Structure formats: structure tokens, C-alpha cells
Amino acid sequence: MCGIVGYIGDRNVYDVLIKGLHRLEYRGYDSAGVALETPEGVLNVYKAKGKVSNLENFCKDKDLQASCGIAHTRWATHGEPSDVNAHPHFSDDRKLAIVHNGTIENYQILKDALIQHGCRFHSETDTEVLVQLIEYIKLKNNCQLIDAVREALNQVQGAYAIAVIEAGNPHQIIAARKSSPLVIGIGNDEFFLASDATPIVEFTKEVVYVKDNEIAILRRGEPMKLVTLSNEEVSIDVTALELSISQLEKGGYPHFMLKEIFEQPVTLRDCIRGRVIEGGKSILLNGVRDHKDKFINAKRIVIVACGTSWHAALIGKYLIQEMCDVPVNVEYASEFRYNHPVLEEGDVVIAISQSGETADTLAAIEIARDKGAFVYGISNVVGSSIPRATHSGTYIHVGPEIGVASTKAFTGQVMVLTLLAIAVGELRGTLTKEQIAEYGKEINAIPDLVKQVLKLDEQIKHLSAIYTYARNFLYLGRGYSYPAALEGALKLKEISYIHAEGYPAAEMKHGPIALIDAEMPSVIVAPYDHLYEKIVSNVQQVKSRGGSIIAIVTEGDTVISNIADHVLEVPKVPEWLTPIITSIPMQLLSYYIAINKGKDVDMPRNLAKSVTVE
Ligand code: M6R
């Protein structure tokens with residue numbers, strides 16, 4: 001949600017910032033802007049509504065020389081997407097420029113007070129309030145920028161990652177964070193800063209993850225300094241980045257989303273690597289092994305997540321209940337944080353988040369910790385906030401996911417939950433050695449089976465043409481295929497803007513069946529499992545009401561294949577592995593329908609990859 005970049009050093013500042021904005025554009029693309037400070041200390045701000053390419057066009061004839069600069073790509077919260085609401089924002093005397101990711105909750109109170117003091121506002125944003133406040137404090141106290149930033153942040157409620165530069169001081173950037181990610185890259189007499197490491201990796205592998213309530217002072221020719229909001233200096237913890245540039249490029253695919261769908265045989269292999277051990281006879285998750293007692297003694301497991309991660313969580317519930325015989329509740333993190341969650345000692349809370357930055361999930365973790373629960377994180381982004389806020393956890397290791405619609409992260413999350421269920425089942429003695437050995441073999445076979453499923457690509461491309469102009473879709477499934485159907489529906493609506501509703505197939509007769517007619521296609525997820533006979537009846541119920549059906553079935557299926565209009569066959573796997581296999585044709589179907597409709601699949605309207613606001 002919003003991306004910020006900053007640079008101070010000898011390179012072409014504008015080029016570093018623009019490249020960085022392109023890398024961060026998945027975080028928001030309502031508007032973009034740069035603030036550049038010339039070596040003489042003159043501050044210029046350029047901004048444009050829309051994508052980063054609009055900003056580049058706007059900057060073509062501008063003075064772009066600079067010693068330092070900050071930049072921003074926006075996902076609008078306060079104020080519509082427009083040139084004037086775009087960041088960076090100037091202070092009233094145009095001496096300071098700020099970029100900000102997050103929301104200032106008490107901005108209205110602060111704004112009213114500043115207006116009383118004669119401040120004039122130009123935008124509708126909460127960010128402008130912060131920069132005006134910093135300026136006001138700086139002038140009133142006649143102090144240095146760092147002191148004014150510190151005092152201002154002490155008055156602010158909300159979430160922020162900010163970077164501020166000051167006219168007349170072309171070799172300094174002040175940056176700070178609270179509940180919004182901020183990474184500093186340390187180069188050779190140069191500093192980079194960004195919302196995540198993607199704009200930095202091409203220049204340096206040495207990074208510092210700024211923690212909440214810390215302010216970074218980046219001055220050319222001096223070592224980086226970190227102070228707290230109460231002005232105590234903190235030590236700098238430099239981490240080596242494991243990211244590579246090739247992971248951030250499209251690698252010949254027209255879109256990140258398609259690349260990420262096709263990467264799944266490899267990402268699933270990476271996710272499994274080192275975890276299915278002893279030739280498949282045991283599952284090793286360090287995060288579980290190191291906290292055995294918590295999982296052995298758990299009376300209940302609560303899983304919190306949002307969006308696609310919440311769908312993975314539902315699959316996790318089915319897996320853990322089946323394999324570990326322990327009750328599991330799945331909650332939307334945004335509801336959990338406000339529904340007075342009742343947690344007891346001995347409860348384990350699992351938080352799932354691709355980005356590791358989702359504000360609601362972070363808040364849910366905080367509540368769970370406060371109530372004494374043991375919190376386990378499942379995340380993709382190494383060094384992000386959620387892995388740092390949890391007691392233990394597992395990375396899904398699927399590499400950077402850039403497409404806004406989650407694909408490979410979903411299958412990675414489901415795979416980690418599968419491994420976790422088996423590891424915990426082993427610890428609790430609810431699975432036998434023979435079962436575990438059998439499961440290990442089945443898991444090891446998955447990457448190759450996913451490769452096989454991807455061969456449906458051409459068939460799905462053709463099929464998509466038939467359904468591109470449907471206005472509504474129903475996605476149905478039972479058991480493990482129910483959350484898979486929910487995820488299929490979410491994928492379609494996110495990128496094609498077609499209304500799609502996921503439903504448990506048996507619930508359909510309690511209401512949604514009224515919607516079915518020739519205009520309402522249903523995608524029915526019906527692999528061969530213990531509910532197969534039941535879903536056959538649901539397929540017939542749809543057919544007899546004139547609805548057309550795309551069925552995802554197990555290879556060799558003869559019953560549903562004879563009823564459905566179109567059939568996508570996937571290889572046979574045990575039912576607890578079906579969601580990984582059946583979700584892939586649905587990812588491809590959504591992709592091709594969106595492409596046929598001319599939509600921007602990597603940057604769908606109104607969305608952002610990482611949702612760091614409430
Ligand atoms: O980073 P997270 O997994 O916490 O993100 C949660 C949701 O915002 C995310 O899954 C969202 O629903 C995606 N756009 C789904 O494709």
C-alpha cells in the first residue's frame with residue numbers, strides 16, 4: 001500500500017528513484033511523484049496522477065539533476081487520486097518535502113490546530129498535515145530537521161513510513177517507521193531507502209530493516225544513525241539480502257501473474273526443500289520443532305489472515321483437523337481484532353500473510369500475543385513485519401510475488417500448512433509412521449503434477465473466450481474444494497472485474513440456486529474425493545436449471561464429464577492435496593478472461609499488493 005523510495009549518493013538520483021518506483025508499483029498506482037534536491041540545495045517536486053509512466057512523461061523536460069531525492073507511488077486513502085494529492089508533499093514554505101506510506105489517524109485535530117497557527121493546506125491528504133507539523137515545529141523551536149521530525153512523530157497517531165528532505169541540505173534524508181515497512185540499503189558512500197528491498201537489491205545486498213518507532217538519519221559521508229522517538233541511539237543490525245534481480249523481472253512472460261502461475265512447479269519444490277526429510281519419512285519444520293510443546297499441548301488452533309491467505313487458512317483448518325485431531329477456528333484478521341477474541345492459555349494462533357505487512361493481520365497478532373497465545377507466522381517476505389512479530393514460523397519460500405493477484409503464494413501457503421499439519425500430527429501421535437511416509441511421497445510428487453496441470457494452458461485459453469463476457473460466475477466446491485472455489489472466485493473478480501461468488505456446493509440450494517440460468521456459468525471444483533457422489537448431485541441441480549458448467553475433475557472422470565459443458569482434467573492426488581492442483585486451472589481461467597477483456601492483470605484497479613492500512 002503505497003511505495004516509497006529514496007536515494008542519496010553519486011548515482012543519477014532520478015534514475016534510481018524511477019526504477020525503484022517501477023519495482024514498487026505493485027503497492028499502489030493511483031499517482032506517483034519525486035522530490036529532487038539539486039547539489040545547490042534547491043528542492044523540486046514533480047508529480048502526476050496515474051502510473052509511474054505518466055510521471056516519467058511529465059518529467060521529460062524538467063530539471064532532474066540532484067544529490068538526493070525521495071519518491072512515492074500512491075494507493076489513495078485520504079483524498080482522491082489526483083496530481084495535487086500525489087506525494088511528495090511540500091511544507092507551506094516549500095523548504096521540506098515528504099513521502100509517506102500509512103495513515104495519520106489524528107490528522108484532522110492536528111490540521112485544525114495548524115490552521116489556527118496560519119498554515120495553509122493545498123491537498124486533502126493526511127501526509128501534508130505531517131509535513132506542515134514538522135515545519136511548524138522546526139520554525140517554532142528553531143531546531144534541526146531530525147529534532148522536528150522526532151517531536152512531530154511523538155504527536156502523531158497512526159501508521160507511517162516516511163522520508164523527508166530539506167532545501168539547503170542536499171546530503172541528508174531523514175526516514176522513520178511505525179507499522180509500515182521501511183528498509184535502508186547501505187552502499188559505498190550512498191544510501192537507499194524503500195518500502196521493501198526490491199528497489200535496493202540491484203545496488204547493494206546490505207540492508208537494515210528499520211523497526212517501529214525508529215528514525216534513520218542518512219547523511220552523506222557519515223555512517224547511518226538510528227534513534228528512537230525518545231532520542232536514544234540504537235545499534236544498526238545489517239542483514240544480507242537473499243533476493244536476486246531475475247526474481248523481479250518478467251522473464252519473457254507478458255505479465256508477472258502468468259510468470260508466477262508457471263513458476264509453481266519450481267516454487268513448490270523450493271517450499272518443500274529440506275522439509276520433507278529422510279526420503280519422505282518425516283517432516284521437518286524448524287518453527288514447529290523448536291516449539292514442540294506448544295503444538296503438542298494445544299487445545300485449539302486459531303488461524304487469522306486476509307484475502308487469499310484467508311482461503312489458505314480455511315484449507316489449513318481442514319488439514320489440521322483431519323491430521324491432528326485438534327479444533328481449528330479460522331478468522332478474518334480484520335474481524336478478529338475487534339470481536340473480543342477469547343483466547344485461552346495453550347491456544348496456538350497461526351497468522352498467514354504473503355507480504356508479512358498486512359495491517360489487520362499484524363494487529364491480530366498483537367492482540368493474540370497480548371492475550372498470551374503462542375503465535376506462529378506463515379509468510380513469504382523475509383524480514384517483513386509479521387515474521388518479526390510472531391514467536392516462530394515458516395517462510396513459504398516462493399520468491400517475490402509481484403502480480404497483485406496472489407497465485408504462487410497461495411499454493412505455497414497451502415503447502416506449508418500441509419507440512420505443518422503432518423509435522424504436528426507426527427508430534428501429537430495422530431498420524432502413524434506409515435501414513436507420514438506415504439504423505440511424504442505424495443508431497444514430493446506435487447511439483448511434477450503441477451507441471452502436468454499447466455499443460456491445460458491452451459485448453460483454458462480457448463475456453464476463456466467462451467466465457468469472457470459472462471457478467472456473473474458461481475464457483476462451487478465441497479470439503480477441500482470449497483476454499484479452493486472461494487479462491488477461484490476471488491481471482492476472477494480481482495482481475496477481470498466480473499462478479500464471482502464462491503459457495504459451498506451443498507449450500508447453493510439454500511439460496512444462490514435462484515440465480516442459476518443460462519447467463520450464469522458455474523465453475524464446479526469436483527476432483528475425486530469422499531464427497532464426490534454428493535457433488536455429482538449438485539452438478540445435476542445446476543444443469544437441470546439451465547446453468548452451464550465448467551467442471552474441474554480428476555483424470556478419467558466419466559460421471560461429471562458427461563453432465564458438464566466443459567471439463568478440465570487434473571491428475572489424481574489424495575484429497576488433502578487437491579486444492580493445490582485444482583486452483584491452478586482457475587488461476588489460468590481468470591488470467592485469460594481478464595486478458596480477453598483487456599484488463600491490466602498485474603495492476604488491477606483499486607487494488608494494491610500489500611494492504612498496510614485498515
Ligand atoms: O499479504 P497478505 O497475504 O497478508 O495479503 C492478504 C490479501 O490482501 C491478499 O491475499 C489479497 O486478497 C490478494 N490480492 C489476493 O489475490
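## The ligand shell

Of the 14 residues around the ligand (a heavy atom within 4 Å), Ser-309, Ser-353, Ser-355, Thr-358 and Glu-494 come nearest. This is a predicted model: local features need pLDDT of at least 70, side-chain atom pairs count only at pLDDT 80 or more, and totals for chains, interfaces and linings use all residues. Residues are numbered from 1 along each chain as its sequence is written, and side-chain values use heavy atoms, without hydrogens and water.

By class, 4 residues of the shell are nonpolar, 8 polar and 2 charged.

## Contacts with the ligand

A backbone N or O atom of Thr-308 lies 3.0 Å from a ligand oxygen. A polar side-chain atom of Ser-309 is 2.6 Å from an oxygen of the ligand. Glu-494 places a polar side-chain atom 2.4 Å from a ligand nitrogen.

Helix 10 (307-324) and helix 17 (481-496) each give two or more residues to the shell. Helices here are DSSP runs (H or I) of at least four residues, and strands (E) of at least two. Helix 10 gives the largest share, 3 residues.

## Aromatic rings

The whole structure holds 12 aromatic pairs (ring centres within 6.5 Å). Trp-310 and Tyr-332 are stacked (planes under 30 degrees apart), at 4.0 Å centre to centre and 10° between the planes. Trp-310 belongs to helix 10 and Tyr-332 to strand 19 (residues 328-332), 22 residues apart.

Ring pairs also link Tyr-7, Phe-192 and Phe-203 into a cluster.

How values were computed
Polar contact = N/O pair within 3.5 Å; in protein donor to acceptor, adjacent residues only side chain to side chain. Nonpolar A, V, L, I, M, F, W, Y, C, P; charged D, E, K, R; others polar. Phe/Tyr/Trp six-rings, centres within 6.5 Å; stacked < 30°, edge-to-face > 60°.
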